[in-house]
Amino acid sequence: MADESWRVPSLVQELAATVQEPPSRYLIPEQDRRDGQLAGAEMPEPVPTIDLRRLFASDGADQEATKLRAALQSWGFFLVTEHGIESSLLDSLSTASREFFRKPLEEKQAYSNLIEGKHWQLEGYGNEQVYTQDQILDWGLLHEYSQSCKRVKDGILRAVARLLDLDDDDGIIGQFGDRGSTNARFNYYPACPRPDLVLGVSPHNDACVLTLLLADEHVGGLQFHRDGTWYCVPPVRGRPLLVNVGVSLEIMSNGVFKSPVHRVVTNSQKERMSLAMFYATDLEKEVQPIAELLDEKHPARYKKIKYRDLMAAHYEHFSRRERVIESLNI
């Protein structure tokens, strides 16, 4: 019987406590190890920031909508302030997740994302799914947890629908189908002995419609790619949420708004934590350009695909360090 132990790599949090050098499976390719390659550059302008209270109100909405359009077209991500989520709740979430990751391994394994120690599932504590024996592994952990920031997400998507001149403000929300999903992922990146050789998360786009991220207030690591350069997103106090466009929304908008490529780098001294909320359509829903946006001058740029198949293709392309959107171009 073939040895498939490579499908179940050691938990990164435990490796970080015991090794001086990351195992070879975590090392990024030689061509990506140029001096300063992972350091990233400072953003050429402040991170785009949208005041949701003004965006959702009658007074000031036009100004914030203009800023939103510019952020979507230039970066594909932005920070939101005045989102109405109590800072005490966000602090509690961060504290609870930090306490979980500091529990003994035996306690955390009760929530393992491996069935019978070998079959990966989306929910639970552990590493990303491994598809190929030579897949470069990421220096990070995840724990699935479900909750909703529905009001924030719906408000943003209605604003995006207005930017696209859709007749119905719910024109994007209506694309989710009857069983749209919300998945929460708690990310833990332990301090890494060689941050110049490994990544917390490899370059990728999110397959979903929209992602809301509660980032670490104290430790940076998130980087976005634009025009051949990786730009660092600095840590920001005050508990803003970072929002980024997913591949599904890029398809729905027929490429008007792009899903940004991003990655996470590690830190040699400090651990880093974040909580990502992924909003996706019904698994059986076909993701495709919204019909209202198409005409003879603006034909569909992407093939339609069921979200279930898009997710499967996304993971396969991610394991090869490729973008799934490029396989859907018409």
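**Close-up views of aromatic rings**

Three aromatic pairs turn up in a search of the whole structure; rings of Phe, Tyr and Trp (its six-membered ring) count as a pair if their centres lie within 6.5 Å. This is a predicted model, where local features need pLDDT of at least 70, side-chain atom pairs count only at pLDDT 80 or more, and totals for chains, interfaces and linings use all residues. Residues are numbered from 1 along each chain as its sequence is written, and side-chain values use heavy atoms, leaving out hydrogens and water.

**View 1. W75 meets Y231 edge-to-face.** The ring centres are 5.4 Å apart and the planes stand at 90°, so this pair is edge-to-face (planes over 60 degrees apart; under 30 is stacked, and the rest are tilted). W75 sits in the loop between α3 (61–74) and β3 (77–81), and Y231 in strand β12 (residues 229–232), so the pair ties together parts 156 residues apart in sequence. Helices (H or I, at least four residues) and strands (E, at least two) are DSSP runs, numbered from the N terminus. W75 is buried, with a relative accessible area of 6%, and Y231 is buried at 14%. Buried means under 20% relative accessible area, exposed over 50%, and partly exposed in between (1.4 Å probe, protein chains only).

**View 2. F77 and F224 are stacked.** Here the centres are 3.8 Å apart, with 10° between the planes. Both F77 and F224 are buried. W75, F77, F224 and Y231 form one aromatic cluster.

**View 3. R263 lies over the face of W230.** R263 is 4.1 Å from the ring centre. A charge sits over a ring if NZ of Lys or CZ of Arg is within 6 Å of the ring centre and within 35 degrees of the ring normal.
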